Amino acid sequence: MSDKKCNFCGTTQSEENPFITGTDAFICSNCVVSAYKILFGDDDSFENFEYEDIELLTPKAMKALLDEYVIGQDNAKKTLSVAVYNHYKRIFKKIEDDDTEISKSNILLIGPTGSGKTLLAQTIAKFLNVPIAIADATNLTEAGYVGEDVENILVKLFQAADGDVERTEKGIIFIDEIDKIARMGENRSITRDVSGEGVQQALLKIIEGSMVNIPPKGGRKHPNQDFIQIDTSNILFICGGAFDGLGDMIKRRQGANILGFGQEKKGKMETEDLMSLVEPDDLVGYGMIPELIGRLHIFASLEKISEEDMVRILTEPKNSLIRQYVKLFAIDNATLTFEDEALLIIAQKALERKTGARGLRSILEELLLETMYELPELDGYEVVITSDAVLGKAKPLYIKNKKSA
């Protein structure tokens with residue numbers, strides 16, 4: 001028997017009346033309900049008070065926040081903002097006495113590697129205060145095969161929600177590299193396609209919306225373990241992929257390869273421009289099963305990152321890499337600055353590696369390795385990264401701050 005007593009009514013803690021513990025203070029659940037009714041009225045609205053920590057931003061507000069963290073990709077940001085707003089609006093702003101049920105709309109982001117697909121999903125989840133799980137489709141296999149079960153994605157979301165089933169059921173799941181599980185061609189070998197079409201089939205159930213039993217700690221299921229039941233009807237699924245070669249398929253569909261008068265303009269369309277013209281049949285032709293594409297209702301294409309955008313990605317976002325390294329240097333009382341030409345060369349190097357913005361961090365780590373090795377001894381110095389330093393022709397400049405001299 002607990003000896004804790006509520007500081008408001010003096011009752012003792014019990015299973016029927018659990019306590020919320022504060023700093024040297026306790027309040028029972030009955031007093032919480034009473035306090036709510038005093039503040040907000042004696043009605044049944046307390047039933048709906050349990051999960052109101054999602055801040056539902058308008059599409060414009062959502063895009064404005066995305067603009068602070070993701071450079072460019074305006075069309076994708078608008079599409080994603082509207083889709084996410086509509087998704088959570090249908091959950092939290094239901095119209096009473098209306099038999100019309102609004103279906104869930106999942107999202108497919110199509111764009112080159114490192115164009116910002118994962119960052120868009122992460123940023124949205126952060127500002128909506130919802131849990132997010134990120135999975136790589138290439139690691140998934142059908143149940144019974146070596147690899148990660150599709151249902152383990154839900155385990156990740158459950159863990160991201162700190163074990164709260166209700167929060168899990170209103171979270172976001174981002175599945176990257178979805179194009180890598182395109183099914184094989186018609187000429188199949190005897191080997192079973194355990195990470196292609198089979199995984200797409202396994203994803204159908206959870207993406208569409210169903211009750212799924214998951215092991216609390218992940219791993220393979222076995223008959224004697226306890227399961228947690230998750231309803232995926234209100235989980236927003238965002239899938240992303242590069243779909244290399246899809247632009248050529250669209251070009252052929254558009255008649256770009258037909259010789260003759262009036263075809264020249266079509267033939268010169270950039271692959272990135274063609275991606276905005278993608279249709280479900282193009283994705284089916286690529287190797288995605290029709291049932292899965294039918295559950296990804298909204299398409300958004302991301303553009304290839306330009307050299308100018310790459311420089312902006314380095315410097316402008318609130319959590320830009322340059323700001324992060326400047327902060328790291330400041331902790332050791334050193335100043336870090338980059339010449340404009342140096343930033344341009346870094347951007348060019350990232351484009352040459354064809355890894356998109358994702359490659360910027362590794363370039364900076366290589367560039368700053370020796371300097372960061374000496375950083376604890378650079379108290380009071382300004383470190384200037386020049387173009388020659390980026391090209392490996394010279395070391396960064398170390399300038400002693402006059403105030404520290």
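The model is predicted, so local features need pLDDT of at least 70 and side-chain atom pairs count only at pLDDT 80 or more, while totals for chains, interfaces and linings use all residues. Residues are numbered from 1 along each chain as its sequence is written, and side-chain values use heavy atoms, with hydrogens and water left out.

**Overall picture**

- The chain's secondary structure comes to 17 helices and 14 strands (DSSP runs numbered from the N terminus: helices are H or I with at least four residues, strands are E with at least two).
- Of the 405 residues, 41% count as buried (under 20% relative accessible area; over 50% is exposed, and in between is partly exposed, with a 1.4 Å probe and protein chains only).
- Take the contacts (heavy atoms within 4.5 Å) between residues at least 6 apart in sequence: 66% of them join residues at least 24 apart.
- The accessible surface comes to about 22,700 Å², with 50% of it belonging to carbon and sulfur atoms (Shrake-Rupley method with a 1.4 Å probe; for residues, only the protein chains shown count as cover).

**Pocket and cavity**

- Both kinds of space are found on a 1 Å grid over the protein atoms alone: a cavity is a set of points where a 1.4 Å probe fits but cannot get out, and a pocket is an open set with protein on both sides within 12 Å along at least five of seven lines.
- Lining residues have an atom within 4 Å of a point; points are joined across faces, edges and corners, and a volume is the space filled by probe spheres set on them.
- The largest pocket holds about 570 Å³ of space; 24 residues line it, and Gly-116, Leu-119, Ile-313, Ala-357 and Arg-358 are the closest to its centre.
- Helices H4, H13 (307-315), H14 (321-331) and H16 (360-374) each give two or more residues to that pocket lining, and H4 gives the most, with four.
- By type, the pocket lining splits into eleven nonpolar, nine polar and four charged residues (Ala, Val, Leu, Ile, Met, Phe, Trp, Tyr, Cys and Pro are nonpolar; Asp, Glu, Lys and Arg are charged; the others, Gly among them, are polar).
- There is one cavity of 30 Å³ or more, and Leu-57, Met-62, Leu-65, Leu-66, Thr-123, Ile-124 and Phe-127 line the largest cavity.
- Helices H2 (59-69) and H4 (117-128) each supply two or more of those cavity residues, and the lining has six nonpolar residues, one polar and no charged.

- S8 (211-214) and S9 pair in the antiparallel sense over four bridges (pairing takes at least two DSSP bridges), with Met-211 opposite Asp-231.
- S9 (228-231) has a covered face, Ile-228 and Ile-230, and an uncovered one, Gln-229 and Asp-231.
- Asp-136 in S4 (132-136) is partly exposed at 26% relative accessible area; beyond its neighbours within four places in sequence, Asp-136 contacts Asp-176 and Glu-177.

- Most residues other than glycine have a negative phi.
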